[in-house]
2 protein chains.
Amino acid sequence: MFSKAVDVPKAETIIVGNEITSGLVQDTNSATLAKRLLEAGVDVSRVSIVGDDEKQIEDAVVAALGRVDLVVVTGGLGGTHDDVTKSVLARAFGSGFRRDDEALANIERIYQKRGAEISPLALKQCWVPEKAEILYNEKGTAPGLLFKKNEKVLFALPGVPLEMEHLLEKYVLPRAARPGGIKLAHRMLKTTGIPESRLWELFGPMEPLEKMVMVASLPSHLGVRVRLSAWGNTDEETAHKLDLAEKLLRIQIGEYIFGVDDETLEKVVGEMLTRQGKTIAVAESCTGGLISHRLTNVSGSSEYVLESAVTYSNEAKTARLGVGAALIAEHGAVSRPVAEAMARGVCETAHADVGLAVTGIAGPTGGTDEKPVGLVFIALSSGEQTLCEEFRFHQDRVRNKERAAQAALNMLRLWLKSSDSWVPCSGGERQD
Amino acid sequence: MFSKAVDVPKAETIIVGNEITSGLVQDTNSATLAKRLLEAGVDVSRVSIVGDDEKQIEDAVVAALGRVDLVVVTGGLGGTHDDVTKSVLARAFGSGFRRDDEALANIERIYQKRGAEISPLALKQCWVPEKAEILYNEKGTAPGLLFKKNEKVLFALPGVPLEMEHLLEKYVLPRAARPGGIKLAHRMLKTTGIPESRLWELFGPMEPLEKMVMVASLPSHLGVRVRLSAWGNTDEETAHKLDLAEKLLRIQIGEYIFGVDDETLEKVVGEMLTRQGKTIAVAESCTGGLISHRLTNVSGSSEYVLESAVTYSNEAKTARLGVGAALIAEHGAVSRPVAEAMARGVCETAHADVGLAVTGIAGPTGGTDEKPVGLVFIALSSGEQTLCEEFRFHQDRVRNKERAAQAALNMLRLWLKSSDSWVPCSGGERQD
């Protein structure tokens, strides 16, 4: 579900590059521009992607300036022969060229830092259209350009995402957001362990919520993100609306929300472990190291991640984790008793406060009628107490690994949240 | 570097959806369409991304049909109120609507499979423009449409990538590729362990190569992909040109090529282990499980991956891998002797044929002047023979993990390729 605001200023973006039109490189600039401009209260109504072709670029620029007051062009500002955006824009705005000393100094500074000699192609980039304001680029050698004509404004930015974002933040957004104009703010509530349709059922009647915010849900195989968007006259007003809406939603679905905005599940779990002064050890079979990889993506995780054993073979499960060979023979390596023994085993061997273990059939081969591909057992143990849940995923091998790792980290989150009154996360009706 | 062919038929694509123009969802359809059409000998010269807005869609369609003979539109074909593409196209081509029984049967079939009752919104999708040819969609409920007018052809496809690709393969490509027309084929040579500039130096004079193919290089932090593209009158001709060009390039850079097209480093290494009947065990510190995760992404990897130890703490390095506490105290956990001891240790404990070990400082904290962030030691051991290489990466934590894992898998590849005459992969001049 998604609804879109009206009555806000419109912009268009033009993405230039043969590598994009040919599908060789995936464009991400248009999405970044749309997101950041929308947050500044400007709605991107159209994106044009054109090749490094003078006529194509000119047509797109003229058409866009005919429809909207703000146009952002990215790409084609470098020094090589296929970078033609600068000359097209100079012609379109009736401008000659001049050398810009600050742009030149910047090129020299960057080449000096790299310890390289400046090439003639790089030097070309200090020649800029006389009628443009120069947007100085600290991250690269090609400066951005700002053209104005009557009420119309055109920004030209380099195509390298890092440089584009730098100039977007430094020059475009401060001018695109009209002073005193309407503001738009977003908040992303990140959930896992619940399907999208069930989430909307739990929301209940949407009217009270929709008086304050727009709600959009974005499902993936790892969970559903719920995006709240609020319009207002001030930052305080939008923040207040988002706070209220988040509170309302947390009453209904708080259980399933693991983080907000850029928070990842591994970061949230890491903070809980740090706060509680607990250490963790992991025993992975079908996830093959992915849980450990995610846990250790967090800076500072060496404080609480003691170790992890990827025990792919039965022998390793026995030798490394003390899982009885007889237990494996009786129940099979993918079973509840083995998952529990793995969690207890890794917890004890590593002298950790929590042991987390996963065993399952990632596929595409290895499944049977009784134990199909996608069957996964996840267990947690504190040594004294051990719990296990059974999951049935589907799809392909890598997705099964990703889903199992996500479910395991979420179980860990719920366990850390209330390790004294555990209710499985698939129970659904648990209140916090 | 990238050069683009001329004198081939042109097409334009139009991507419809508020979720795309707003930046909420990253468009991938335009890149897929461009790639697949280019392979069929059709060059996408322009992409327009517009919102779910009747006027915007109509403008884009009319403009595109004015410029090229082939237009592909995706999105806005579903049954909800913001899906307006179908009605815009019907109006543009002067067409009324009719019910299509086969489309209806398909909707019923899909709902029956899901065990759900058909909603009125879903039913709406069997109403189609009279003047369109229907493109039956086995993957979803919205059929695609094909409109013709004079020499112009417009395909309208659903926006869901899976459904879009299905109809692209089934209907668009067979008609877009003109019978007897010129063909384009690609081959991607994937390299790692060498910077892009050095690669082009090794290529030498490009003229002999460019007589047969176009060459484009695509760098990332994990390696450089070299794309060869060949035009020809038949599939045999393009394949022959690509074979010759690949042979020429392999003389210069064969050392660094680990795979072709969709081959991954972990798949290539897995095939080598399988062929040689060897097993592997991994000891990871700074990569935190990523090497094991990648190795086990390959179906069938349980045949050769015995186990893996993520030994984040010094205690775990000693207890699990038998790395002497005194050795760690003397050299530090991030050192050549410790990496070598880890590789030997995991090889012996797991009774594997090869032990692979990584220790390093992923950052952003934990670095010193002597041992900066990005310092990584990677070691390989067969028990008898042990080798170690030192790497200096930069950038952020996750990228350092990714680079270290890539370098480790590449060392393993070179070791397996000639385990009797080892030369470090950074040596550069080794001949195969």
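**Strand 13 of chain B and its surroundings**

Mentor: Strand 13 of chain B runs parallel to strand 15 (residues 354–360) of chain B, and five bridges join them; strands are DSSP E runs of at least two residues, helices H or I runs of at least four, numbered from the N terminus, and two strands pair if DSSP finds at least two bridges between them. This is a predicted model, in which local features need pLDDT of at least 70, side-chain atom pairs count only at pLDDT 80 or more, and totals for chains, interfaces and linings use all residues. Residues are numbered from 1 along each chain as its sequence is written, chains are lettered from A and ligands numbered from 1 in the order in which they are written, and side-chain values use heavy atoms, with hydrogens and water left out.

Trainee: Which residue stands opposite B:Ile280 in strand 15 of chain B?
Mentor: B:Val354 does.

Trainee: Why is strand 13 of chain B largely enclosed?
Mentor: Five of the five residues, 280–284, are buried, so the rest of the structure largely encloses strand 13 of chain B. Buried means under 20% relative accessible area with a 1.4 Å probe, protein chains only.

Trainee: Which residues lie on each side of strand 13 of chain B?
Mentor: B:Ile280, B:Val282 and B:Glu284 are on one side, with B:Ala281 and B:Ala283 on the other.

Trainee: And how many bridges join strand 13 of chain B to strand 14 of chain B?
Mentor: Five, and strand 14 (residues 305–311) of chain B runs parallel to strand 13 of chain B. B:Ala283 stands opposite B:Ala309 there.

Definitions and conventions
Buried means under 20% relative accessible area, exposed over 50%, partly exposed in between (1.4 Å probe, protein chains only).
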